[in-house]
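Subject: Structure handover and findings

Dear colleague,

Here is the structure you asked about. My notes follow below it.

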Protein chains: 2
Amino acid sequence: MTIEAQDEQQTATKDRLVAAPISQDVGFLLAKLHAGGSVVNNRALAEFDLKERSYSVLILANSGLEPTQRELADLLSLDPSQIVALVDELEKRKLVARAPGKQDRRAKTVTATSKGSRLLAQAAIAARRAESEVLAALDDGEAAQLKALLRKALWG
Amino acid sequence: MTIEAQDEQQTATKDRLVAAPISQDVGFLLAKLHAGGSVVNNRALAEFDLKERSYSVLILANSGLEPTQRELADLLSLDPSQIVALVDELEKRKLVARAPGKQDRRAKTVTATSKGSRLLAQAAIAARRAESEVLAALDDGEAAQLKALLRKALWG
DNA sequence: TACGTATAGTTGAAAATGTCAACGATTTAT
DNA sequence: ATAAATCGTTGACATTTTCAACTATACGTA
């Protein structure tokens with residue numbers, strides 16, 4: 001069989017089950033788009049030695065909001081111990097710095113270094129390209145609508 | 001994500017970091033809604049000794065489409081070896097049965113038993129309730145729109 | 001037909017990720 | 001003052017992911 005015919009058949013078999021009722025399940029749709037998107041995103045970020053998560057931490061560290069590690073854990077839906085590992089690695093690479101919290105000295109705020117900001121600026125370009133790829137089937141208005149609905153579902 | 005982390009997040013003071021640019025990132029939004037949704041779904045399915053994944057397999061086994069394990073792996077974005085484990089457990093509980101593929105004897109189709117169908121009917125009620133909870137901030141039209149956009153992003 | 005190649009399911013091992021409980025240092029509440 | 005709670009951290013443990021084999025079967029071609 002030719003490679004082209006192989007691809008056609010693979011696509012056809014993949015599509016056969018789309019008729020199943022699970023395709024109406026939001027949990028399934030989110031899981032599948034998230035899974036596929038993560039592959040694309042991580043591939044795009046690999047050249048900067050970042051993954052989705054370290055990229056997220058870097059964005060927040062660079063936001064000017066001076067997030068604490070606890071806030072990062074809450075927003076990223078991760079265990080605090082995972083934040084420790086992520087910040088450890090970014091700090092080792094001099095992309096972010098920890099600083100004691102101003103009101104609460106138990107807390108540590110995470111801020112991007114200038115090196116971190118520069119890397120982020122480059123990575124963000126690749127990430128935007130990856131997002132376009134993931135949402136290629138949607139036009140700009142639909143993509144914006146999807147984002148708005150996801151934000152509303154999360155925060156009302 | 002832990003149930004405790006999810007509860008904390010729901011009750012925590014208004015998330016100040018939502019203003020950060022990462023809230024515009026589709027990957028982040030998908031990850032977060034999926035993470036929160038999984039907690040809700042798995043909690044709802046726990047009384048049937050199911051998780052999101054075994055529930056998904058059971059739905060597909062009950063769809064009448066007689067999916068092969070390979071098709072399940074493709075649709076659910078899972079490694080074939082994970083499907084083996086999922087089907088093994090459902091088969092041990094007599095909820096699904098393996099049958100050799102009709103055209104291809106290498107393949108094994110997975111179909112729900114009547115016991116599986118009955119359990120699924122109950123679990124689906126809990127799953128629908130969970131979905132309503134996850135999408136509580138959206139009205140019915142918005143929820144349908146979200147699903148349609150996710151499906152379009154996935155399959156065009 | 002027979003042969004080489006490809007694929008479905010399975011197993012098991014290794015790596016990555018997730019979960020959880022404890023601890024010191026602080027903060028908050030009583 | 002004291003007790004309780006919180007933040008970051010560590011380390012143990014569980015789960016999930018990833019990948020490389022292996023068998024049985026199917027397919028392609030000479």
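A residue is called buried if 20 or more other C-beta atoms lie within 10 Å of its own, exposed if 12 or fewer do, and partly exposed in between, with C-beta atoms placed from the backbone. Helices are DSSP runs of H or I with at least four residues, and strands are E runs of at least two, numbered from the N terminus.

This is a predicted model, in which local features need pLDDT of at least 70, side-chain atom pairs count only at pLDDT 80 or more, and totals for chains, interfaces and linings use all residues. Residues are numbered from 1 along each chain as its sequence is written, while chains are lettered from A and ligands numbered from 1 in the order in which they are written.

Helix 4 of chain B

Six of the eight residues in helix 4 of chain B are buried, so the helix is mostly covered. The buried ones are B:Q69, B:E71, B:L72, B:D74, B:L75 and B:L76.

The axes of helix 4 (residues 69-76) and helix 5 (residues 80-92) of chain B come within 9 Å and cross at roughly 110°. Axes here are lines fitted to C-alpha atoms, for helices over the stretch in contact, and angles run from 0 to 180 degrees between N-to-C directions. Helix 4 of chain B is therefore roughly perpendicular to helix 5 of chain B (65 to 115 degrees; under 35 is roughly parallel, over 145 roughly antiparallel, and the rest oblique). On the helix 4 side of chain B, the contact is made by B:Q69, B:R70, B:L72 and B:A73, and on the helix 5 side by B:P80, B:I83 and B:V87. Two residues are in contact if their C-beta atoms, placed from the backbone, lie within 7 Å. By class, this contact of helix 4 with helix 5 of chain B has five nonpolar, one polar and one charged residues. Nonpolar covers Ala, Val, Leu, Ile, Met, Phe, Trp, Tyr, Cys and Pro; charged covers Asp, Glu, Lys and Arg; the others, Gly among them, are polar.

Two positive phi values

Most residues other than glycine have a negative phi. B:S77, in the loop between helix 4 and helix 5 of chain B, has a positive phi near 55°. B:S77 counts as partly exposed because it has 15 C-beta neighbours inside 10 Å. B:D49 is not a glycine either, and its phi is positive at about 55°. B:D49 lies in the loop between helix 2 and helix 3 of chain B and counts as exposed, with 12 C-beta neighbours inside 10 Å.

How the chains meet

Which residues does the interface involve? In chain B, 57 residues are in contact with 54 residues of chain A. Helix 2 of chain B gives the largest share of the side that touches chain A, 13 residues. By class, that side of chain B has 31 nonpolar, 14 polar and twelve charged residues.

Chain B can be laid on chain A with an RMSD of 0.1 Å by a turn of 180° and a shift of 0.0 Å along the axis. The two copies are thus related as by a two-fold rotation axis. The superposition is by least squares on the C-alpha atoms of residues with pLDDT of at least 70 in both. The copies meet through the same surface, because 88% of the interface residues of chain B are also interface residues in chain A.

Best regards
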